[in-house]
Amino acid sequence: MGNTDTKLHFRKAVIQLTTKTQPVEATDDVFWDQFWADSSTAVQDVFALVPSAEIRAVREESPSNLATLCYKAVERLVQGSDSGCPSDRERQIVVNCTRLLTRILPFIFEDADWRGFFWSTVPGAGRTARLDEDADEDDARPLAESLMLAVADLLFCPDFTIQSHKKSGPDRAEDMRSMDSCEYIWEAGVGFAQAPPLNYVHDLNRTELLKLLITCFSEAMYLPPSSESKTINPWISFFCSSENRHALPLFTSLLNVVCAYDPIGYGIPYNHLLFSDYREQLVEQAVQILIVTLEHEAGSAAGTALQALDASGATEAESEPPGPNNLFVNYLSRIHREEDLSFILKGLARLLNNPLIQTYLPRSTKKIQFHQELLILFWKFCDFNKKFLFFVLKSSDVLDMLVPILFYLNDARADQSRVGLMHLGVFILLLLSGERNFGVRMNKPYTLRVPMDIPVFTGTHADLLVVIFHKIVTSGHQRLQPLFDCLLTVIVNISPYLKSLSMVAANKLLHLLEAFSTPPFLFSAPQNHHLIFFLLEVFNNIIQYQFDGNCHLVYAVIRKRNVFHQLANLPSDAASIQKALQKKKNKKSSGISRTDSTETESMVGSRPAVPAEPGTLKTSLEATPGIDKITEKSRVSEDGTLVAVSHADSPQTPADVDTESNSERDREGDRAESEAARSRLSSVSSTAPWSADPDWVSSWKSKLPLQTIMRLLQVLVPQVEKICIDKGLTDESEILKFLQHGTLVGLLPVPHPILIRKYQANAGTAMWFRTYMWGVIYLRNVDPPIWYDTDIRLFEIQRI
């Protein structure tokens with residue numbers, strides 16, 4: 001039968017369904033088989049030939065027919081999973097039913113009255129129906145459960161989605177029930193040593209079934225955002241429960257397929273243009289299924305349970321069951337063998353570094369597009385499995401994750417459609433920076449030459465981080481200001497361990513202080529002065545704990561000493577405050593200097609970060625909590641352990657007033673894209689009008705931790721000036737040499753305790769991640785556009 005005839009027959013069946021006013025009996029197989037039994041209907045054709053308006057029309061005018069269509073399609077999937085799909089015709093029916101349900105399910109979810117339909121019981125579909133046809137109706141299995149169990153079985157169906165170990169025969173159905181799917185894991189890796197032969201047909205069939213699964217799980221998109229931890233997704237809860245006998249092999253298959261994937265292969269130039277890579281489609285769906293299912297409803301109880309694991313990894317992985325309800329989270333949290341952790345980390349690093357690969361031939365290597373999903377997966381691994389986090393940090397392999405994250409942050413800084421990616425990258429760095437090993441690893445020299453539009457420098461990975469953070473602050477779009485606190489917190493956390501900052505990075509830090517300490521900026525919003533406290537803490541940490549190797553930073557502080565003197569003498573009278581605000585108003589400036597006198601030429605081959613193309617789709621995001629809500633302060637004791645500190649005990653940080661305004665600004669940005677971006681730096685919550693006054697300025701000005709820096713300037717400035725006069729020096733290299741061999745031992749105040757701000761999971765960030773994750777999945781599934789033109793409520797779809 002020709003492809004055109006197939007489409008005509010399928011379209012004819014759809015028209016019959018939409019025009020029938022009377023219910024069609026479920027026993028009328030001749031009518032229902034038209035939708036799946038004739039021949040193959042490509043998934044793109046299913047979406048084109050079943051318009052959204054017609055699905056809604058059937059839902060409203062012939063609800064029983066829509067219900068029967070769903071029931072019959074699920075029934076055919078159950079039959080296929082029971083029989084093992086021995087014939088090509090049965091396999092094709094399964095694929096057609098899968099595509100049809102993928103098309104219809106979003107329209108079931110968007111109507112609140114229909115949402116419970118799949119959780120209603122169907123007569124004769126008992127929980128033991130496969131073994132006992134006379135199952136008690138009281139024990140009937142909901143349609144959703146039947147559907148997911150069938151899909152799970154079909155994902156391990158010989159000759160359909162896995163390689164058969166036996167010849168096909170009449171005992172095939174019996175094999176389906178008795179086979180151990182752990183012997184058929186899709187790819188070698190965690191818990192499985194054999195690599196099955198690649199089969200593109202199996203990959204295509206797996207991809208179709210995973211698309212249906214992600215569609216089932218997407219009911220969450222049709223519910224408004226809620227930070228309540230009790231909100232559970234019944235589809236995910238059931239699929240990741242012990243009811244699903246394939247939970248372990250499926251989790252392992254998904255994980256191994258993702259982490260074993262190598263988009264470049266043998267490295268033959270332009271091979272991705274010559275051959276279709278069906279594995280890539282499967283990997284994309286697999287990573288999306290993983291990030292969606294790895295959601296623990298009890299508010300990261302798995303992470304809490306595993307926090308007891310000490311850094312040495314001495315505690316057994318099985319010591320405390322981490323919230324056993326979600327088996328996927330359970331399995332992930334229990335991975336502990338070094339070879340498994342290494343396989344996962346190397347796999348994620350290889351894929352995240354893929355877009356950074358440079359070749360002499362332009363566009364000669366495949367570039368993956370699912371880096372956002374990979375970063376979410378990495379985040380979940382670090383959150384749910386502390387042994388993985390410790391493994392990442394115990395060697396320089398963590399830098400293989402750091403560089404691509406910084407690359408994505410730098411590349412996305414001017415693009416409003418990628419503000420979610422910016423938040424995600426910064427959250428990951430905040431999580432990592434709470435561990436001492438991360439700061440220590442940052443001292444490794446940065447020798448890669450990934451083209452980024454940043455100044456050329458010779459230095460360490462810490463220099464790279466500082467330079468890129470400076471770029472985000474000074475040349476990113478204004479929607480990123482809620483991230484400034486997080487960016488500086490990361491630098492504060494690593495600062496006590498930085499042995500030698502380059503001159504470029506040192507100048508960037510001083511420029512940030514200069515920009516943030518201008519009175520117009522300081523007085524324009526109630527939380528702007530926090531940024532000054534963070535930067536002063538960075539300088540104090542380096543001077544007190546790493547003075548010997550940081551002559552560049554000390555020299556930069558001496559050169560910019562007027563900034564510190566101006567801060568110490570910041571006017572706090574009402575007239576000065578009004579003058580500063582009037583100056584800002586007249587200039588219509590954000591208060592941040594966007595130019596840096598030390599800016600040098602960017603790296604060769606780099607492209608500047610560019611704004612999103614007009615018309616680019618983006619999804620709205622939930623507000624992110626303030627830095628005080630997502631971090632917990634800890635002091636580093638003499639033996640290196642962390643001791644929790646209450647907010648009242650941290651003298652270097654001012655009282656966190658109005659921290660919610662960051663979140664408010666973020667929310668306003670999503671709701672009103674037309675708002676002038678520059679004015680956002682000083683916007684505050686409309687519900688709480690605020691203006692700076694002398695008492696407010698004095699309340700935090702008196703707490704500015706300037707003593708160490710002022711003492712340094714008091715000691716070193718006269719010495720440097722004397723050397724310059726005596727020797728007639730104009731070359732800074734001689735001054736640097738003097739500072740390098742100088743010492744302030746016994747001259748500085750008693751070193752303050754190191755204060756680390758560790759990321760803490762909370763309901764606000766959990767809601768943000770859920771919204772962001774589903775927004776990414778919505779935008780990435782465009783072929784076919786599964787959720788397009790449906791009433792999404794979790795987020796808004798906006799055009800730039």
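Ring pairs tie Phe109, Trp114, Phe117, Phe118, Trp119, Tyr222 and Trp235 into a cluster. Rings here means those of Phe, Tyr and Trp (for Trp, the six-membered ring), and two of them pair if their centres lie within 6.5 Å; planes under 30 degrees apart make a stacked pair, over 60 an edge-to-face one, and the rest are tilted. Before going on: this is a predicted model, where local features need pLDDT of at least 70 and side-chain atom pairs count only at pLDDT 80 or more, while totals for chains, interfaces and linings use all residues. Residues are numbered from 1 along each chain as its sequence is written, and side-chain values use heavy atoms, with hydrogens and water left out.

By the ring rule, the count comes to 34 aromatic pairs. Take Trp119 and Trp235: their ring centres sit 5.4 Å apart with planes at 75 degrees, so this pair is edge-to-face. The pair links distant parts of the chain, 116 residues apart, with Trp119 in the loop between helix H6 (88-109) and strand E1 (121-126) and Trp235 in helix H10. Helices (H or I, at least four residues) and strands (E, at least two) are DSSP runs, numbered from the N terminus. Trp235 is buried at 0% relative accessible area, whereas Trp119, at 25%, counts as partly exposed. The cut-offs are under 20% for buried, over 50% for exposed, and partly exposed in between, using a 1.4 Å probe and protein chains only.

Now for a stacked example. Trp768 and Tyr772 have ring centres 5.0 Å apart and planes at 20 degrees, so they count as stacked. Being four residues apart in helix H35 (residues 763-780), they are separated by about one helical turn. Trp768 is buried at 0% relative accessible area, and Tyr772 is buried too, at 4%.

What about H35 itself? Its 18 residues reach 26 Å from first C-alpha to last, close to the 26 Å expected at 1.5 Å a residue; the expected span is 1.5 Å times one less than the number of residues. Of those 18 residues, 13 are buried, so H35 is largely enclosed by the rest of the structure. At the start of H35, a side-chain oxygen of Asn762 comes to within 2.9 Å of the backbone nitrogen of Gly764.

Back to the H10 region for a last stop. Ser242 lies in the loop between helix H10 (234-239) and helix H11 (247-260), and Ser242 is exposed, with a relative accessible area of 67%. Ser242 and Asn326 are 84 residues apart in sequence, yet 8.6 Å apart in space, C-alpha to C-alpha.

How values were computed
Polar contact = N/O pair within 3.5 Å; in protein donor to acceptor, adjacent residues only side chain to side chain.
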